Amino acid sequence: MALLAALLFALAGSASAWPHDGAGAASGLGRVAGGGRRYRDLAQRRLDSVRSSFGARRDLATSPAGARVYHVTDYGADPTGSADATDAINKAIADAFRPPSNGTMTGGIPDLGGAEVHLDGGTYLIKGPLTLPASGGGNFKIHSGSLRASDDFPTDGYLIELSAKSSTTRSYDYEYATLRDLLLDCGHRGGGVLVSNSLRVTLSNLYVVHFSSDGVAVRGGHETLIRGCFLGQHMTAGGDPGERTFSGTGIRLDGNDNSVSDVVVFAAGTGIMVTGGANSISGAHCYNKAAGFGGAGIYLKVPGATQTWISNCYLDYTGVVAEDPVLLHVSGSFFLGDANVVLKSVNGVAKAVQVTGNLFNGRDKGVDIVQLEGKFGTVEQVYVQQNGAMGMNVRSTAARGVVDGNGTDQWTLDFSEALLFPDRIGHVQYSLVAADGFPAHALQNVSGNRVVVATDKPVTATVHVMVDQNTD
């Protein structure tokens with residue numbers, strides 16, 4: 001109201017200042033009268049515009065022809081969060097899913113023409129999931145507001161569910177859907193967003209809290225982009241005394257070919273759980289339940305078919321766990337507070353694994369930067385190299401060493417404290433530099449990650465050795 005009053009005052013002042021001659025000639029009076037009417041008309045138009053911007057109800061019957069923006073307040077949704085808005089918002093969604101033409105997208109998905117479900121910057125109480133019509137649709141968005149679960153929200157539901165309830169003949173039900181600029185408060189009863197059998201969905205700038213299951217869950221589908229989001233089972237900025245009991249999952253990827261970038265998981269049992277292959281994770285900051293309390297920042301539960309690359313992430317007291325890793329890349333990431341990479345054996349297989357160029361900062365408690373859990377019988381193309389660490393034990397699949405001898409015929413170098421896998425050296429390269437003479441020498445033994453070089457006679461020499469646990 002203060003803004004309206006100020007606007008009217010300014011307009012009135014401008015009208016009274018309309019130019020006229022000092023003699024008050026008839027022509028001048030006419031100009032004043034005409035100018036005043038114009039200013040009154042201008043003031044009324046501006047007043048109507050300001051009232052509209054402050055939430056005046058739009059008349060659906062007079063909306064511009066072909067408009068594809070559906071304001072949930074026009075359907076009776078209470079933007080103060082006092083009354084249940086579930087039915088009203090679902091009605092807005094249903095109207096948005098009436099395609100404007102016969103155009104279709106992949107597999108016959110109806111093209112909704114960029115329809116928007118606009119939450120008008122309000123906070124809405126939700127007693128049940130917001131669901132999409134089973135008829136399917138693509139090219140639409142839901143944005144700009146807050147959704148809060150009621151005290152009786154179903155514990156197995158999600159606030160927004162991109163999931164068709166009835167079976168269809170399509171491979172995918174929804175395509176090119178965008179959820180953005182939303183705060184989702186799950187009330188410790190369910191999850192935030194479910195993306196199921198959907199294609200090319202973008203979840204952007206979401207703040208998802210108080211979930212008991214998952215902040216975001218992707219089931220099936222293809223090419224979901226999750227970016228610029230904050231997720232926390234509890235509202236905390238670290239050091240929560242109840243951290244040991246955190247149980248939810250920030251992001252769950254039960255599908256292939258998805259991308260997670262620039263997200264923060266600040267409270268959960270597991271930050272990102274991956275059970276599908278060919279997923280990319282970059283720029284993730286996970287400081288959920290610490291590894292010491294049983295948490296994991298990124299858990300790759302895809303034994304034998306990992307196909308995941310993790311880059312430029314910040315694992316904060318909670319690390320990366322990969323079961324039977326095959327085609328796994330971890331690089332350019334920072335691990336704090338003894339957070340590390342754990343390769344967990346299920347069937348004892350590790351193939352095409354690259355853990356390179358990472359930094360680790362620990363607490364001098366003897367924790368390895370890369371740790372094996374269980375025995376691995378099949379190890380091929382596993383490269384753990386060029387990582388830097390302070391306060392933690394550096395483990396690698398390649399190492400080098402040097403040993404001096406004075407009047408001896410045998411040189412032994414033990415790499416068991418440096419190499420990742422026990423009793424596994426695939427390649428050895430050495431050189432012997434003798435102080436005098438040219439003794440005959442040979443690699444005598446390689447076992448238990450120990451290398452023995454021998455000469456045919458005692459000499460004074462220095463032996464340099466490089467070993468690699470791969471054979472190529």
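This report describes the fold, the cysteines and the salt bridges of a predicted protein model.

## Basis of the report

The model is predicted: local features need pLDDT of at least 70, side-chain atom pairs count only at pLDDT 80 or more, and totals for chains, interfaces and linings use all residues. Residues are numbered from 1 along each chain as its sequence is written, and side-chain values use heavy atoms, with hydrogens and water left out.

## Overall fold

The protein chain contains three helices and 34 strands. Helices (H or I, at least four residues) and strands (E, at least two) are DSSP runs, numbered from the N terminus. Of its 472 residues, 47% count as buried; buried means under 20% relative accessible area, exposed over 50%, and partly exposed in between (1.4 Å probe, protein chains only).

A contact is defined as heavy atoms within 4.5 Å. Among contacts between residues at least 6 apart in sequence, 65% join residues at least 24 apart. Not counting residues up to four places away in sequence, Ser146 touches Gly122, Thr123, Tyr124 and Leu183.

## Cysteines

A disulfide is a covalent bond between the sulfur atoms of two cysteines. Under the criterion of a pair of cysteine sulfur atoms within 2.5 Å, the whole structure has zero disulfides.

## Salt bridges

A salt bridge is a side-chain nitrogen of Lys or Arg within 4 Å of a carboxyl oxygen of Asp or Glu. By this rule there are eleven salt bridges. One of them joins Asp185 and Arg148, with the closest N and O atoms 2.8 Å apart. This pair links distant parts of the chain, since Asp185 in strand E8 (residues 174-185) and Arg148 in strand E6 are 37 residues apart. Asp185 is buried, at 11%, whereas Arg148 is partly exposed, at 35%.

A further salt bridge connects Asp214 and Arg252, at 3.1 Å between the closest N and O atoms. Asp214 belongs to strand E11 (residues 214-227) and Arg252 to strand E13 (residues 249-256), 38 residues apart. Asp214 is buried, at 5%, while Arg252 is partly exposed, at 23%. Finally, Glu175, Arg200 and Glu223 are linked in a network of salt bridges.
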